[in-house]
Amino acid sequence: MKKYIDTGKKDTRSGFGAGLEVLGKTNENVVALCADLIGSLKMDAFIANNPDRFFQIGIAEANMMGIAAGLTIGGKIPFTGTFANFSTGRVYDQIRQSIAYSGKNVKICASHAGLTLGEDGATHQILEDIGLMKMLPGMVVINPCDYNQTKAATIAIAEYEGPVYLRFGRPKVANFTPEDQKFEIGKAVHLQEGSDVTIVATGHLVWESLLAAETLEAKGISVEVINIHTIKPLDDEAILNSVKKTGCVVTAEEHNYLGGLGESVSRVLAQNHPVPQEFIATNDTFGESGTPDQLMAKYGLNAEAIVNAVEKVIKRK
């Protein structure tokens, strides 16, 4: 079993900012747009180095999506930045009609996703954005797990031709993936080999899955952990190869179980190799105000909940 080490907690939104800063130096076609949240999206370094390639749109998110779509016609690669709630639900029609339908090369970069934005409460804690975006034909959906992977994903999506939704968060979380990693869209990362159960996790829940795996290994349960950073296109092969070996799966995500990673995995299993599955996700609910740790515990999105789900699913094999 490979041990992963938290090298120091960092926020994934800063990983986005670091990746955007690199792109500012390496890809002259990259431009950035923001809806009055420069500090929250960590765009400061890009703006300082490339003031002529930044557009402050103000609190007009729908307008931002339209401008971004237009910029692609001239060969630019626009990265839009605002909170996940405003990057999706507020502007869904504009994304569908102006970006997805015509396959525009826009990178929709969304911070403060999920419950862990914390005290701002339910109105800002979007838990349905993955479902909204993965249903759009041609839209790539990426949800990296830590600072390093978010930085790598930000750089990688600039090379991909087509619309992308990149989701990341507000709080500082464990940073444990390699600094020099190669990010491959649609390619799952096997973090740990096991034989009794597969845990398929995304975003902040990847680290919680590794913590759960340590607890389970101490109980004699062999756990395979897969980091699904790309929810669409999903790495069907990686999931199927794993569950054919383990015979059961737990999916873990900071999102509603309706429309999220878990449902995507269920589709793959139903069509190819049905096995017992348990979901770690919110249960058709909005969030509430609280600290990230309080909310993750209350809504069952932590290592303890994953351990319980694994013990339950193994009994169903």
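Strands are DSSP runs of E, at least two residues in length, numbered from the N terminus. Strand β8 of this predicted model contains Val173. Val173 has a relative accessible area of 15%, so this residue counts as buried, the cut-off being under 20%. Several of its contacts come from outside its own stretch of sequence. Leaving aside neighbours within four places, Val173 touches Gly8, Lys9, Lys10, Asp11 and Thr12, as well as Cys145 and His204. Tyr147 lies 26 residues from Val173 in sequence. In space, the C-alpha atoms of Tyr147 and Val173 are 8.1 Å apart.

Rolling a probe the size of a water molecule over the atoms shows where empty space is left. The largest pocket holds about 310 Å³ of space. Its lining is made up of 17 residues. Closest to the centre are Lys172, Val173, Glu208, Asp293 and Met296. Three elements each supply at least two residues of this lining: β8 (172–173), α9 (205–218) and α12 (292–298). Helix α12 gives the most, with four residues. By class, the lining of the largest pocket has 10 nonpolar, three polar and four charged residues.

The second largest pocket contains about 240 Å³ of space. Sixteen residues line this pocket. Thr177, Pro178, Gln181, Val189 and Leu191 are the ones nearest its centre. Six residues of this second lining are nonpolar, five are polar and five are charged.

Strands of a sheet pair through backbone hydrogen bonds, either parallel or antiparallel. Here seven strands are arranged in the order β3-β2-β4-β5-β7-β6-β12, and the pairing is mixed. Strands β3 (54–56) and β12 (230–232) form the edges, each pairing on one side only. On average, neighbouring strands of the sheet are turned by 20 degrees against each other, with direction ignored.

At the β3 end of the order, β2 (residues 30–34) and β3 run parallel. Three bridges join these two strands.

How values were computed. Residues are numbered from 1 along each chain as its sequence is written. This is a predicted model: local features need pLDDT of at least 70, side-chain atom pairs count only at pLDDT 80 or more; totals for chains, interfaces and linings use all residues. Side-chain values use heavy atoms; hydrogens and water are left out. Two strands pair if DSSP finds at least two bridges between them. Axes are lines fitted to C-alpha atoms, for helices over the stretch in contact, and angles run from 0 to 180 degrees between N-to-C directions. On a 1 Å grid over the protein atoms alone, a cavity is a set of points where a 1.4 Å probe fits but cannot get out, and a pocket is an open set with protein on both sides within 12 Å along at least five of seven lines; lining residues have an atom within 4 Å of a point. Grid points are joined across faces, edges and corners, and a volume is the space filled by probe spheres set on the points. Ala, Val, Leu, Ile, Met, Phe, Trp, Tyr, Cys and Pro count as nonpolar, Asp, Glu, Lys and Arg as charged, and the others, Gly among them, as polar. Buried means under 20% relative accessible area, exposed over 50%, partly exposed in between (1.4 Å probe, protein chains only). Contact means heavy atoms within 4.5 Å.
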